[in-house]
Amino acid sequence: MIRGLALLLLFTFCGKLFPAGESECGALESCAEYKADVHDLFSLQRGLGLFMNYCSSCHSLQYLRWNRLQKDLDIPENILKEDLILNPDIKNSDYMTFGLNNDDSTAWLGASAPDLTLRTRVRGESWVYTYLKSFYEDASRPLGSNNLVLQGSSMPHVLASLQGNQQLSMDGSIVKVSEGSLTDEQFDRSMKDLVNFLAYAAEPIRSDREKNGIFVILFFVIFTAVMWLLNREYSKDIK
Amino acid sequence: MSEKNNSFMNWLDKRFPVTENLERHLTKHPVPKKVNFFYIFGALLMVIFMVQVITGIWLMMFYTNTEEGAFASVEYIMRDVEYGWLMRYMHSTGASAFFFLMYFHMFRGLLYGSYQKPKELVWLFGCFLLFLLMAEGFLGYVLPWGQMSYWAANVILSLFGAIPVIGPDLQVWIQGDYVLSGATLSRFFALHVVVVPLLMIALVVFHIFALHEVGAGNPEGVDIEKHRDEKGMPLDGAPFHPYKTFSALPAIGIFFVIFFAIVFFAPEGGGYFLEKPNFEEADFLKTPEHIAPVWYYAPFYSILRAITFGIPFLGITSKFLGFIIFAASIAILFVVPWLDRSKVQSIRYKGIYSKIGMILFAASFITLGYLGTKPVNELRTLIAQICTLLYFLPLILMPIYTKYEKTLEVPERL
Amino acid sequence: MSKKIDQNRRRALHITSGVVGAVTVAGFAVPFLSAWNPSEKAKALGASVKFDLSKLEAGAMAVLEWRRTPIFVVHQTTAAIQNLPKLDAKVTNPAKEEGITRSDNSKFTVLKGVCTHLSCAPKYHPEIEPKAWDQEWLGGFFCPCHGSKFDLAGRVYKGVPAPTNLEVPPHSFDGDVLTVGEAA
């Protein structure tokens with residue numbers, strides 16, 4: 001039986017010996033790995049700030065309520081109302097719907113600016129992280145910019161003031177041609193903050209579930225142990 | 001105190017077969033003493049069935065079964081409903097767990113000849129349950145109305161459309177519309193929530209009644225009924241309750257440890273339990289890059305895709321032939337009791353051909369599963385075709401090699 | 001075959017596993033029972049409603065909506081305030097402990113616009129003049145469904161189908177802003 005199992009495992013892995021060459025990262029071979037950290041409150045707050053400043057004029061977060069954001073990110077009421085919501089007619093319980101509607105977006109930019117609430121779950125955190133860093137100047141595009149991760153993207157390089165401008169070199173890699181207001185390290189940190197925030201928006205309960213899961217599992221370990229003892233006692237009857 | 005209980009039970013028993021059935025199916029029902037961990041999956045399947053029904057009912061309280069509202073209602077459940085996220089993850093993880101347990105449960109059946117006479121009916125009811133589970137999973141997957149829900153449903157529905165002559169009309173009839181739409185969603189909802197679960201409950205009852213009529217098997221393939229003690233209890237057997245009920249409890253505990261580890265730490269299952277494209281609402285103008293079924297359909301999807309040729313002179317397209325072979329890969333399981341002509345029940349005592357056949361069958365099933373989750377290329381298609389052959393051959397040739405191979409002597413006692 | 005069964009150990013195990021089992025059931029029950037609580041959507045729709053009182057003239061009534069219930073906000077005139085104590089004998093429950101306006105504000109009354117008989121919406125009749133239903137009408141509400149009468153503070157008259165005064169919803173005043181419902 002052991003030999004059988006060994007053969008089984010060998011055969012199974014035959015399938016893995018021939019990986020295909022299809023890339024999940026556009027023109028790049030693979031996306032830079034990034035796993036979001038939704039437990040870092042300050043990072044999420046910085047990410048929120050970046051989102052509101054650079055993304056919210058086009059992209060909405062239609063499944064996230066303001067009051068949920070307030071509770072999870074610990075935002076004082078006055079900052080929420082005066083600096084974030086801005087419009088006094090919007091209630092705290094409303095959804096974060098701002099940005100462009102589809103018609104305007106398509107007319108002005110060529111494509112709709114999608115809602116971003118679930119974007120990190122659709123594309124993956126690594127993808128979004130790499131995408132944000134991979135814009136480059138492209139005179140052939142209507143808005144003058146393109147992206148290595150999403151070729152032909154209609155999105156302009158909104159983060160150019162922070163990152164600086166980039167161009168494509170002969171070998172297909174990206175090089176920076178001018179400085180932004182942030183250093184490379186700071187920009188990288190900012191993009192991680194932004195992705196952390198988007199990962200939070202995609203699943204606000206994630207931080208809680210990752211924290212509480214250990215207790216549920218621990219309980220079932222105890223459950224198993226107690227039931228094991230019960231079973232062992234009774235199985236003595238039928239030895 | 002016990003006097004009062006006795007007279008209450010007497011009253012009840014005169015009107016309803018309570019004690020009679022408790023004894024027949026639990027406290028006096030003999031089962032083999034010594035089995036291995038492969039025998040736990042039936043009990044776990046019942047547990048996961050209950051989990052799915054209860055979480056499913058709760059999800060139903062908050063889900064909107066219309067095209068316009070479905071996707072948003074899932075996010076409503078995830079964000080606005082207290083513990084809605086937990087119910088959703090338990091249900092999605094439960095679906096994958098259901099199939100995982102089902103495949104191992106059936107593998108046990110193949111290994112230890114659980115389908116052999118007189119348990120053919122148990123096996124048939126079981127195969128029907130597999131078919132219903134596959135239907136249930138497909139119907140349920142459409143409900144969130146994400147990109148994969150929509151496009152994978154399109155693929156499967158177009159298989160029906162590939163049936164000659166009646167296909168296109170049949171597809172429209174199933175859809176309730178010229179294209180897959182809200183009309184399809186609503187009827188899939190009714191089927192998923194009421195029809196298939198009721199059928200499954202009925203079949204589980206039949207499955208267990210049929211099993212209890214003839215008695216459970218064991219890894220040795222020994223007939224425990226042959227040697228009994230003075231009281232009529234098989235020497236190698238023990239009453240189901242409390243010995244098997246109590247031995248199931250720690251296994252259920254271990255199962256929940258793994259189950260909740262996934263629910264709380266990796267509910268997406270690396271993109272295999274909750275597929276990434278499904279976090280985007282269905283868009284009939286935009287096809288996803290790869291349309292892949294959930295992992296548990298992958299082996300069968302692989303077989304479907306591997307059939308890249310048709311039978312032109314019979315007017316059978318490759319798509320339709322693929323559908324036929326895909327259906328055959330499930331249908332052939334139904335007839336295994338009649339393919340196996342072996343004198344012995346368990347793989348432990350069967351000959352070398354059965355052992356090789358089992359390894360090839362299992363390995364090809366797993367490899368097909370892996371391939372089914374990946375996009376096609378020439379090499380993968382070739383491997384899938386070979387594996388499809390290695391899936392069918394051990395079954396098709398079974399009547400021959402099981403009859404003539406040299407088997408070992410089965411012991412009398414466990 | 002015959003071993004001594006340690007009954008004490010068995011009993012201890014029965015109790016322990018019973019407790020663990022009960023905790024498991026309770027643990028499973030909590031999320032399912034909690035899911036029935038009002039969701040964020042319900043809480044959002046049932047949230048408190050604000051109203052700017054500075055625009056409401058004396059003698060006028062505004063109708064707000066809170067939790068699918070009409071809310072009557074009455075700006076009492078001086079005459080009305082003077083007349084209300086005169087009706088103490090004519091109403092079933094004078095509710096003197098609630099104050100003349102039945103609110104914390106001496107000028108405004110906040111009521112649920114739901115007749116306490118069978119839930120019709122009473123009509124506002126602030127005019128002090130004889131009416132078909134009362135020759136000595138000093139202003140109030142008349143319910144057209146079955147003829148119940150309420151004074152301007154929502155107190156029910158004796159001898160009408162409605163048994164109790166119009167309900168006062170939870171509310172608070174903050175300067176010119178009235179909040180109906182608990183403040184968030």
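This is a short tour of a predicted model, stop by stop, for you to follow in your viewer.

Local features are described where pLDDT is at least 70, side-chain atom pairs count only at pLDDT 80 or more, and totals for chains, interfaces and linings use all residues. Residues are numbered from 1 along each chain as its sequence is written, and chains are lettered from A and ligands numbered from 1 in the order in which they are written.

**Stop 1: chains A and B**

Select chain A and chain B together. Here 34 residues of chain A are in contact with 36 residues of chain B; two residues are in contact if their C-beta atoms, placed from the backbone, lie within 7 Å. Now colour helix 1 (2-14), helix 6 (119-123) and helix 10 (206-235) of chain A, the elements that give two or more residues to the side touching chain B. Helices are DSSP runs (H or I, at least four residues), numbered from the N terminus. Which helix of chain A gives the most to this side? Helix 10 does, with 15 residues.

By residue type, the side of chain A that touches chain B has 21 nonpolar, eight polar and five charged residues. Ala, Val, Leu, Ile, Met, Phe, Trp, Tyr, Cys and Pro count as nonpolar, Asp, Glu, Lys and Arg as charged, and the others, Gly among them, as polar.

**Stop 2: chains A and C**

**Stop 3: two helices in chain B**

Select helix 6 (residues 120-142) and helix 7 (residues 147-161) of chain B. Their axes come within 8 Å and cross at roughly 135°; axes are lines fitted to C-alpha atoms, for helices over the stretch in contact, and angles run from 0 to 180 degrees between N-to-C directions. Helix 6 of chain B is therefore oblique to helix 7 of chain B. Angles under 35 degrees count as roughly parallel, over 145 as roughly antiparallel, 65 to 115 as roughly perpendicular and the rest as oblique.

Show the side chains of B:Phe138, B:Tyr141 and B:Val142 on helix 6, and of B:Ser149, B:Ala152, B:Ala153 and B:Ile156 on helix 7, which make the contact. These residues divide into six nonpolar, one polar and no charged.

**Stop 4: domains of chain C**

Finish with chain C, where the domain assignment, automatic or from a database, gives domain 1 (1-37) and domain 2 (45-180). Their centres, taken over C-alpha atoms, are separated by 57 Å.
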